[in-house]
Amino acid sequence: MARKRGRSLAERREQQRAEKQRQRIIIAVVVIAIIAGLAALYVIRQPSTDPEDVIIPESLSAPPGAEGKTWGPEDAPVLVEEFSDFQ
């Protein structure tokens, strides 16, 4: 009895062609996704040129009502004490 050899040569070539086409599509989708991601990052990271968007810090002088190391009214319901040791 003769053995059946499986798929014909034309079927194997068609399958290889389809697999290469699938690989090309996957590579194209990945490249497009990378380019789109980089473009989005570029657009997001652009600094604002609108002068109203610039944040100017308040002055570093003592706030109103601060006397020495205290700040606020003496009869405040909450007292915050800070202790620190830099060594």
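Figure 1. Ile 26 lies in helix 1, in a model that is predicted. With a relative accessible area of 53%, Ile 26 is classed as exposed, because a residue counts as exposed when this value is over 50%. Together with Val 30, Ile 34, Leu 38 and Leu 41, Ile 26 makes a nonpolar surface patch of about 480 Å².

**Figure 2. The salt bridge between Arg 17 and Glu 14.** In this close-up, the nitrogen and oxygen atoms of Arg 17 and Glu 14 that come closest are 2.6 Å apart, and the two residues form a salt bridge. Both residues belong to helix 1, which covers residues 9–44, and they are three residues apart, or about one turn of the helix. Arg 17 is partly exposed, its relative accessible area being 48%, and Glu 14 is likewise partly exposed, with a value of 41%. Side chains of opposite charge can pair when their charged atoms come close.

**Figure 3. The salt bridge between Arg 22 and Glu 19.** Here the side chains of Arg 22 and Glu 19 meet at a nitrogen-to-oxygen distance of 2.6 Å. These residues also stand three apart in helix 1, so that about one helical turn separates Arg 22 from Glu 19. Arg 22 counts as partly exposed at 45% relative accessibility, and Glu 19 is partly exposed as well, with a relative accessible area of 35%. The count of salt bridges in the model comes to two.

**Figure 4. The largest pocket and the residues that line it.** The space in this pocket amounts to about 300 Å³. Its lining is made by Lys 69, Thr 70, Trp 71, Gly 72, Pro 73, Glu 74, Ala 76, Val 78, Leu 79 and Val 80. Rolling a probe the size of a water molecule over the atoms shows where empty space is left.

**Figure 5. The protein chain as the setting for the close-up views.** The protein chain holds one helix and two strands, and these elements follow the pattern α-β-β when the chain is read along its sequence. Of the 87 residues in the protein chain, buried residues make up 0%, where buried means a relative accessible area under 20%. The accessible surface of the protein chain comes to about 9700 Å², and 60% of this surface belongs to carbon and sulfur atoms.

Notes: Residues are numbered from 1 along each chain as its sequence is written. This is a predicted model: local features need pLDDT of at least 70, side-chain atom pairs count only at pLDDT 80 or more; totals for chains, interfaces and linings use all residues. Side-chain values use heavy atoms; hydrogens and water are left out. On a 1 Å grid over the protein atoms alone, a cavity is a set of points where a 1.4 Å probe fits but cannot get out, and a pocket is an open set with protein on both sides within 12 Å along at least five of seven lines; lining residues have an atom within 4 Å of a point. Grid points are joined across faces, edges and corners, and a volume is the space filled by probe spheres set on the points. A salt bridge is a side-chain nitrogen of Lys or Arg within 4 Å of a carboxyl oxygen of Asp or Glu. Helices (H or I, at least four residues) and strands (E, at least two) are DSSP runs, numbered from the N terminus. Buried means under 20% relative accessible area, exposed over 50%, partly exposed in between (1.4 Å probe, protein chains only). Patches are made of residues with over 30% relative accessible area and no salt bridge: like charges are joined within 9 Å, nonpolar side chains (Val, Leu, Ile, Met, Phe, Trp, Tyr) within 5 Å. Accessible areas come from the Shrake-Rupley method with a 1.4 Å probe; for residues, only the protein chains shown count as cover.
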